[in-house]
Amino acid sequence: MSELNNIDIPLHTLYVRRDVIPNIDLDRWAHSESIIINNDAHVTIAYSTTPVDWTTINRKTVGEFDLEFATYYVSGDFGKNLMVFELNQDNKILHSRWKYFIEGVGASWDFPNYRPHITLCNRNGKDISKIKPYAGIIRLGPEIIKEVKK
C-alpha cells in the first residue's frame, strides 16, 4: 500500500465568485438612478457549506469575460432589502461552472436552482420598479475561490 493512500486530505467549504469589473457606463447609469453600487459587486458561482476536496478543482477556466446580453433589469426577488441585476439563465460559462462544482466536486447548493445575479446594493426603501434598465456591458473578472465565511 502506498504512503499516499494514507494521507488525509483536509476538506473545506467552498465559495466561488466572479467580481464585476467597474466601468464608466455602469457608474454613470448608477449615478443617474441614485444608486451606489457595492465595491464587492459579484456573481456567486458556488456556495457550499458541505466541505469538498479542493485538490479536485479544475482551475483552468475562462478569464475575464463580458456577459452575453445587453439589458439588465433590477430585481427584488433575492431578498427584500437587496437590489440585484438578474442575469440570463442561459449563460453557458456561469451555468457550466456551477454544474461542475455541484456534480464534479460534490459541492452543496441550498437553493432549488441556479439563478445567477449581481447584488448591486441595499435597496434602502427605493422603489425598484422606477429604475431604468441598464443597457451596457458588464465584465466579470476571473474566478475567486475561497472558504465560506462563518
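How do the residues of the lining of the second largest pocket divide into nonpolar, polar and charged? They divide into 2 nonpolar, 1 polar and 5 charged. Here Ala, Val, Leu, Ile, Met, Phe, Trp, Tyr, Cys and Pro count as nonpolar, Asp, Glu, Lys and Arg as charged, and the others, Gly among them, as polar.

The model is predicted: local features need pLDDT of at least 70, side-chain atom pairs count only at pLDDT 80 or more, and totals for chains, interfaces and linings use all residues. Residues are numbered from 1 along each chain as its sequence is written, and side-chain values use heavy atoms, with hydrogens and water left out.

The protein chain holds 2 helices and 7 strands, taken as DSSP runs numbered from the N terminus (helices H or I, at least four residues; strands E, at least two). Their order from the N terminus is β-α-β-β-β-β-α-β-β. Of the 150 residues, 39% are buried, where buried means under 20% relative accessible area, exposed over 50%, and partly exposed in between (1.4 Å probe, protein chains only). The accessible surface of the protein chain is about 9,300 Å², with 52% of it belonging to carbon and sulfur atoms; areas come from the Shrake-Rupley method with a 1.4 Å probe, and for residues only the protein chains shown count as cover. Among contacts (heavy atoms within 4.5 Å) with a separation of 6 or more, 86% join residues 24 or more positions apart.

Helix α2 spans residues 92–104, and its buried residues are Leu 94, Arg 97, Trp 98 and Phe 101. These lie on the same side of α2 because they cover an arc of only 100 degrees around the axis, the arc being that of the directions from the helix axis to the C-beta atoms. An α-helix has 3.6 residues a turn, so residues three or four places apart point the same way. On the other side of α2, Lys 92 and Glu 103 are exposed. The cover over the buried residues of α2 includes β1 (12–21), β2 (42–52), β3 (65–66) and β7 (139–146). Just after α2, Gly 106 has a positive phi of about 90 degrees.

Thr 56 sits in the loop between β2 and β3 and is partly exposed, at 42% relative accessible area. Leaving out residues up to four places away in sequence, Thr 56 touches Tyr 100 and Val 105. Its C-alpha atom is 8.5 Å from that of Gly 104, 48 residues apart along the chain.

The loop between α1 (24–32) and β2 contains Ile 37 and also Ser 34. Ile 37 counts as buried because its relative accessibility is 18%. Beyond residues up to four places away in sequence, Ile 37 touches Leu 26, Ala 30 and Leu 120. Ser 34 is exposed, with a relative accessible area of 61%. The phi of Ser 34 is positive, near 55 degrees. Most residues other than glycine have a negative phi.

The second largest pocket contains about 200 Å³ of space. Its lining consists of Tyr 15, Arg 17, Asp 40, His 42, Tyr 47, Lys 146, Glu 147 and Lys 149, and β1 and β2 each supply at least two of the lining residues. A pocket is an open set of points on a 1 Å grid over the protein atoms alone where a 1.4 Å probe fits, with protein on both sides within 12 Å along at least five of seven lines; lining residues have an atom within 4 Å of a point. Grid points are joined across faces, edges and corners, and the volume is the space filled by probe spheres set on the points.
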